[in-house]
Amino acid sequence: LAGGIIGGLLRYRKQQQAVREQEARLQQLKEEQERNSRSQMEQNRQRIQALEVQLADAERLNVEQKQLLQSERNLLEISNRKIQINIEEKNLLELNLRKSEVYQYFHAEEHWAHIAPEKWGELQQAVETTYPRLIGRLRFLYPQISTQEIRLCYLTKISIPVKGIAAILCKSMSAISNMRTRLYKKLLNEEGKASDFDKFIREL
């Protein structure tokens, strides 16, 4: 009995440690996304405006203070330019993906019943070119992610409808719904709906 209790405690502690590690990975991912988001640009703009107000009142500033404020403003402006470039580059990559032959291939219903094996490699290359950190982020959140689960993410990322995903992966629509729900929990360690999974993958 004592051995069973101790074993149960050890399993519980191991599960709790896994939860904490998962939460830490998710938090790191969220922070990374936030640093490169439009909201960060807006925060930078607001700070730049505040700095310009301070700089306008130059009579109250000594030379060193003024230089520091100008340096901060310049750095914020550079940061916003970099974020804007990243956004424009991302938009261009997504446009190229939607125009690609492999994207059109997977969106054509006549191919859903049988996807040529080499097309999976082409899709992987196209998606990873457009979203170079996608697989790294998925494996970071869920290291045991399977090939089929990765394919589900690819198909979701390129906006294949559930009907198409079910046909391509040779599963029923209800099975695909359950698969999305289960994978959402594996990735985020929290309950969610299939639609939550779709939103998460498309924003990732």
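Trainee: Which residues are buried in helix H10 (residues 194-203)?

Mentor: Ala194, Phe197, Asp198, Phe200 and Ile201 of H10 are buried. Buried means under 20% relative accessible area, exposed means over 50%, and partly exposed is in between, with a 1.4 Å probe and protein chains only. Before we go on, this is a predicted model, where local features need pLDDT of at least 70 and side-chain atom pairs count only at pLDDT 80 or more, while totals for chains, interfaces and linings use all residues. Residues are numbered from 1 along each chain as its sequence is written, and side-chain values use heavy atoms, with hydrogens and water left out.

Trainee: Thanks! What does the other face of H10, turned away from its buried side, carry?

Mentor: The exposed residues Lys199 and Glu203 are there.

Trainee: What does Ile201 touch?

Mentor: Leaving aside residues up to four places away in sequence, Ile201 touches Leu138, Cys153, Thr156, Lys157 and Leu187. Contact here means heavy atoms within 4.5 Å. Ile201 is buried, with a relative accessible area of 0%.

Trainee: Stepping back, how many helices and strands does the protein have?

Mentor: Ten helices and zero strands. These are DSSP runs numbered from the N terminus, with helices being H or I of at least four residues and strands E of at least two. Of the 204 residues in the protein, 35% are buried. Among contacts with a separation of 6 or more, 57% are between residues 24 or more positions apart.

Trainee: Now H5. How many residues does it have, and how far does it reach?

Mentor: Helix H5 (residues 117-130) has 14 residues and reaches 21 Å from first C-alpha to last, close to the 20 Å expected at 1.5 Å a residue. The expected span is 1.5 Å times one less than the number of residues.

Trainee: Which residues of H5 are buried?

Mentor: Lys119, Trp120, Leu123, Ala126, Val127 and Thr130. They lie on the same side of H5, because they cover an arc of only 130 degrees around the axis. That arc is taken over the directions from the helix axis to the C-beta atoms.

Trainee: And what do those buried residues pack against?

Mentor: Their partners are helix H3 (63-99), helix H4 (101-107), helix H6 (134-141), H7 and helix H8 (162-168). On the face turned away from the buried side, H5 carries the exposed residues Pro117 and Gln125.

Trainee: At what angle do the axes of H7 and H9 cross?

Mentor: The axes of helix H7 (residues 147-157) and helix H9 (residues 173-188) cross at roughly 100 degrees and come within 11 Å. Axes are lines fitted to C-alpha atoms, for helices over the stretch in contact, and angles run from 0 to 180 degrees between N-to-C directions. H7 and H9 are therefore roughly perpendicular to each other. Angles under 35 degrees count as roughly parallel, over 145 as roughly antiparallel, 65 to 115 as roughly perpendicular and the rest as oblique.

Trainee: Which residues make that contact?

Mentor: H7 gives Gln148, Glu149, Leu152 and Cys153, and H9 gives Ile176, Met179, Arg180, Leu183 and Lys186.

Trainee: Last topic, the backbone: what is phi at Ser159?

Mentor: Ser159 has a positive phi of about 65 degrees, although it is not a glycine. Ser159 sits in the loop between H7 and H8.
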